[in-house]
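Here is a friendly walk through one structure, for someone meeting it for the first time. Have a look at the sequence and the picture, then read on.

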Amino acid sequence: MDLSQGIAMVPVSAETSPTVDRPTQAQAFADAMGTERADDRRASGLSFGRANDRGVPRRTPRVSLIVVLPENHVMSPDRLAEGLRAHGNQDVDVVVACAGQPTNLGALQRSVGDAQFLLAPAGTSTEDLRELAMRQVPGDIVTLLSGALLPTAGADTSLLMTS
Amino acid sequence: MRSSRPLSVIVPVRDGSATLARTLTAILASELPRDDYELIVVDDASSDSSAELAARYADTVVRLTMRKSGAAYARNRGAELAQGEVLAFVDADAMVRPHTLPRMLQMLAEQPGLDAVSGSHEQTAGAPNLVSQYWNLLLHFGEQMQAGTSGNVASPCAIIRRQVFLSAGMYDEWRFATARLEGIEFAHRLEDSGRNVFSSTDLTITGLKHWNLRSLCSEVWDRSALLARSLGYQRTRAAVPSDVVFTLSRALAPAFAVLCVVAFSAAFLPTPDTAAKAAIVLLGTIALNFPAYRFFAKIRGIPFAIVVAPLHLLMQAINGLGLCAGWVLRDAVGDREPDAATQAYAEVGVEIWPPVPRASGR
């Protein structure tokens with residue numbers, strides 16, 4: 001089965017500026033290392049490096065975080081942002097993998113400004129979502145989290161549901 | 001990045017997509033609360049989709065790129081990331097039973113003086129073909145013969161206190177990029193430092209790897225040659241007598257003695273019948289292997305024992321040649337070392353990901 005059919009990578013601030021690339025901290029680090037050029041990465045078609053980046057020597061491992069939101073999973077933007085803050089830091093590439101498009105994707109994106117969103121067709125299983133996201137992230141060390149297990153923030157506002 | 005959990009399960013994999021799903025599913029089916037352990041898969045530069053497959057089940061996937069570095073190296077990278085106070089190492093072609101990991105944890109909890117527990121192979125292999133069944137039963141035979149003594153603290157499944165693992169210097173990734181001998185060397189090192197390792201025959205796993213004649217010959221050769229070259233046969237025999245190299249060679253030395261006696265005697269015998277002399281040698285060898293054949297017959301029946309008897313002799317012959325080659329190389333060339341580029345990187349101390357292999361205690 002070709003898991004890649006029907007998925008879409010949604011870059012940061014896609015609603016307002018779909019062509020804006022992501023000035024990631026990992027990119028800045030790579031530039032400082034002198035091992036990768038930002039222009040090369042922009043040319044890849046995604047706003048962050050793909051699997052081909054992993055062949056480039058680096059001083060430290062690139063870290064990615066995948067948050068999996070299964071279909072019909074209710075997630076507030078605040079909770080997602082809090083959860084990412086608890087699990088990540090500025091040097092982490094974050095991908096939120098959703099089965100179906102959240103009803104308010106824009107709000108979710110604004111709450112986690114640096115994250116990429118992977119939108120798989122509704123009905124995609126959690127396992128398939130994890131595998132799909134794994135194919136997209138550039139990390140040498142990839143942590144996978146279930147959205148349902150993210151720590152709860154103080155206020156649960158603007159609940160979102162994937163559809 | 002992750003919350004601390006009591007146990008970290010580390011699975012090194014290289015091109016293991018054929019068995020990895022069953023391995024990880026079995027771990028997740030363990031009688032342990034899911035929040036009590038983290039599952040880390042370290043992909044050793046696989047050319048298949050092992051990393052993506054691992055992502056379906058694991059909490060963390062580590063992708064080692066650039067070069068294949070071996071299971072010892074992969075396990076060490078996993079251990080460096082692990083948050084658990086106890087580390088469990090499970091091979092990517094091994095299937096634990098639901099109680100295997102919980103009981104290992106329980107043993108460590110109940111016996112503070114115990115530092116590591118290693119599991120053993122079940123009687124039956126996951127792959128149905130004859131070669132796989134023979135190899136699995138041979139491993140099981142050796143482990144049963146030496147139950148309770150130290151073991152292979154790596155393959156197929158072992159558990160160890162994190163602090164002990166780190167203070168002992170982790171696996172020797174410098175020398176053991178192949179042949180699955182890092183666990184033997186590590187067990188030896190633990191025993192030398194006064195640590196207690198227990199090899200359990202009750203805590204079993206099912207080996208899933210599909211062996212054929214070629215891969216098995218290669219495995220026996222690699223293990224025998226590397227063991228003799230890097231560790232020294234006699235030195236490690238005292239530490240890990242249950243290893244399959246010793247299981248194979250247990251009857252090999254007496255058989256070689258019989259061969260020499262017959263050959264010597266033949267020189268003085270009037271008969272020129274070499275077939276008769278060869279038959280005498282063969283019968284002697286079979287007689288010396290009788291304990292193994294009896295075990296095979298007891299477990300799998302007499303037809304199985306008869307069928308695998310020639311295979312067993314072949315493995316013993318390769319084992320003997322491998323040991324001799326290892327001894328010669330040890331004296332002529334010295335211990336096994338990584339390639340010159342790796343040594344140069346290590347000497348300069350280049351900081352790079354994945355890191356340059358390093359030797360324990362060096």
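Let's start with a term: a residue is buried if 20 or more other C-beta atoms lie within 10 Å of its own, exposed if 12 or fewer, and partly exposed in between, with the C-beta atoms placed from the backbone. By that rule A:Pro121 is partly exposed, because 14 other C-beta atoms lie within 10 Å. A:Pro121 sits in the loop between β5 (116-120) and α5 of chain A. In sequence A:Pro121 and A:Glu71 are 50 residues apart, yet their C-alpha atoms are 9.2 Å apart in space.

Some housekeeping: this is a predicted model, where local features need pLDDT of at least 70 and side-chain atom pairs count only at pLDDT 80 or more, while totals for chains, interfaces and linings use all residues. Residues are numbered from 1 along each chain as its sequence is written, and chains are lettered from A and ligands numbered from 1 in the order in which they are written.

**Chain A at a glance**

Chain A has 5 helices and 7 strands; here helices (H or I, at least four residues) and strands (E, at least two) are DSSP runs, numbered from the N terminus. Of the 163 residues in chain A, 42% are buried. Two residues are in contact if their C-beta atoms, placed from the backbone, lie within 7 Å. Take the contacts in chain A with a separation of 6 or more: 77% of them are between residues 24 or more positions apart.

**Strands side by side**

Which strands of chain A pair up with β2(A)? Strand β2 (residues 63-69) is joined to β4(A) by 7 bridges and to β6(A) by 6 bridges. Two strands pair if DSSP finds at least two bridges between them. The table lists these pairings along with two others.

| Strand | Partner | Bridges | Sense |
|---|---|---|---|
| β2(A) | β4(A) | 7 bridges | parallel |
| β2(A) | β6(A) | 6 bridges | parallel |
| β4(A) | β5(A) | 5 bridges | parallel |
| β6(A) | β3(B) | 3 bridges | antiparallel |

You can follow the bridges residue by residue. A:Val67 stands opposite A:Leu145 in β6(A) and has A:Val96 as its bridge partner in β4(A). A:Val96, in turn, is partnered by A:Phe117 in β5(A).

In a regular strand the side chains alternate between the two faces of the sheet. On β2(A), A:Val63, A:Leu65, A:Val67 and A:Leu69 point one way and A:Ser64, A:Ile66 and A:Val68 the other, and all are buried. β5(A) is covered on both faces too, with A:Gln116, A:Leu118 and A:Ala120 buried on one side and A:Phe117 and A:Leu119 on the other.

**The core**

Now for the inside. A nonpolar core is a set of buried Ala, Val, Leu, Ile, Met, Phe, Trp, Tyr and Cys residues joined through C-beta atoms within 7 Å. The largest one has 130 residues, and A:Ile66, A:Val96, A:Ala97, B:Ala54 and B:Ala88 touch the most other members. Beyond its neighbours within four places in sequence, A:Ala97 is in contact with residues including A:Ile66, A:Val68, A:Leu118 and A:Leu132.

**Where the chains meet**

How many residues of chain A are in contact with chain B? There are 19, in contact with 18 residues of chain B. α5(A) gives the most to that side of chain A, with 5 residues. Across the boundary, A:Val142 stands opposite B:Val61 in β3(B).

**A helix in chain B**

Helix α4 (residues 100-110) of chain B has B:Thr100, B:Leu101, B:Met104, B:Leu105 and B:Leu108 buried. Seen down the axis, these buried residues fall within an arc of 130°, so they line one face of the helix; the arc is that of the directions from the helix axis to the C-beta atoms. On the other side, B:Gln106, B:Ala109 and B:Glu110 are exposed.
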